[in-house]
Amino acid sequence: MNMTDIQSMEQWDQLAQEIYDTFNINPAIADSKGKMIAGGMLFANELCRRIKKDPKGLASICSVAGQFFTAQLHEEKRTQAHECDAGMVKIAIPLLVQGELVGSIGGCGIVPMDGEVDSFFVARSLGVKEHEFAGHMQKMPTMDSAKIEEICAWLENKAAELAAR
């Protein structure tokens, strides 16, 4: 089974937009191998836009986090909410159909209230000086753990609805 057996690509794009509009996070909808199928071009902040539009940033930050989360979803088959190497929270909810991981829904691009973006790591990953994206750092969305849990609960309910189809 794959993601388009559950709903059309247009419906996945609509869900990505709903995640973005509801929570102002970068939506991430991926297949069971971690390949993004929807949401990759909606950005919660300018720093994420800068990272994802640069092949070096995408490869060294976003892809690494995606691979880690995909492995965790396959192994644990439960919600994952952790910081990526850049210091932003990534959330991935497994989409399980009859116990099989078909894909995931989630998002990223938020800084935990008590955290911060690792600007040195981001600059090194992009091959630039930290001051080149300092303006983006001032506008980073932050969320407390209660809001992150609320997002997880909403996404878990959505995943359960999708899996029941």
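These are my notebook entries on a predicted model, taken one topic at a time.

**Entry 1**

I looked up the largest pocket and found a volume of about 560 Å³. Its lining counts 33 residues, and those closest to the centre are M36, C62, S63, G66 and K90. Helix α4 supplies the largest share, with 10 residues. I also sorted the lining of the largest pocket by class: 19 residues are nonpolar, 11 are polar and three are charged.

Next I went to the nonpolar residues. In soluble globular proteins, nonpolar side chains tend to be buried together. The largest nonpolar core here has 25 residues, and W12, I29, I91 and I105 have the most contacts inside it. Two or more of its residues come from each of α1 (3–6), α2 (9–23), β4, β5 and α7 (145–163). The largest share of this core is from α7, which gives six residues.

**Entry 1: helix α5**

F121 sent me to helix α5, where it is one of the buried residues. How many of the eight residues of α5 (residues 119–126) are buried? Six are, and the helix is mostly covered. The buried ones are S119, F121, V122, A123, S125 and L126. I checked what these buried residues pack against and found three helices: α3 (46–52), α4 (55–76) and α6 (134–137). Just after α5 comes G127, with a positive phi of about 75 degrees.

**Entry 2: aromatic pairs**

I searched the whole structure for aromatic pairs and got two. F23 and W154 make an edge-to-face pair, with 5.3 Å from centre to centre and 75 degrees between the planes. Why does this pair tie together parts that are 131 residues apart in sequence? It does so because F23 lies in helix α2 and W154 in helix α7. F23 has a relative accessible area of 6%, so it is buried. W154 is at 24% relative accessibility and therefore counts as partly exposed.

The other pair is F68 and F69. Their ring centres lie 5.7 Å apart and their planes stand at 80 degrees, so this pair is edge-to-face. Here too I looked at each partner. F68 is partly exposed, at a relative accessible area of 43%. F69 counts as buried because its relative accessibility is 3%.

N24 has a phi of about 50 degrees, and it sits in the loop between α2 and β1. Its relative accessible area is 36%, so N24 is partly exposed.

Q98 also has a positive phi of about 50 degrees. I placed Q98 in the loop between β4 and β5. Is Q98 buried or exposed? It is exposed, because its relative accessible area is 82% and the cut-off for exposed is over 50%.

**Entry 3: P141**

Last I looked up P141, which is in the loop between α6 and β6 (142–143). Although it is a loop residue, P141 counts as buried because its relative accessibility is 17% and the cut-off for buried is under 20%. What is P141 in contact with, leaving aside neighbours within four places in sequence? The contacts are A44, N45, G109, I110 and V111. I also took the distance from P141 to P112: their C-alpha atoms are separated by 8.7 Å, and the two residues are 29 residues apart along the chain.

Notes: Residues numbered from 1 in each chain as written. Predicted model: local features only at pLDDT ≥ 70, side-chain atom pairs only at ≥ 80, totals over all residues. Heavy atoms only, no water. Buried < 20%, exposed > 50% of the residue type's maximum accessible area, 1.4 Å probe, protein only. Helix = DSSP H or I, 4+ residues; strand = E, 2+ residues; numbered from the N terminus. Contact = heavy atoms within 4.5 Å. 1 Å grid on protein atoms, 1.4 Å probe; cavity = no way out; pocket = protein on both sides within 12 Å on 5 of 7 lines; lining within 4 Å. Points joined across faces, edges and corners; volume = space filled by probe spheres on them. Nonpolar A, V, L, I, M, F, W, Y, C, P; charged D, E, K, R; others polar. Core = buried A, V, L, I, M, F, W, Y, C linked by side-chain atoms within 4.5 Å. Phe/Tyr/Trp six-rings, centres within 6.5 Å; stacked < 30°, edge-to-face > 60°.
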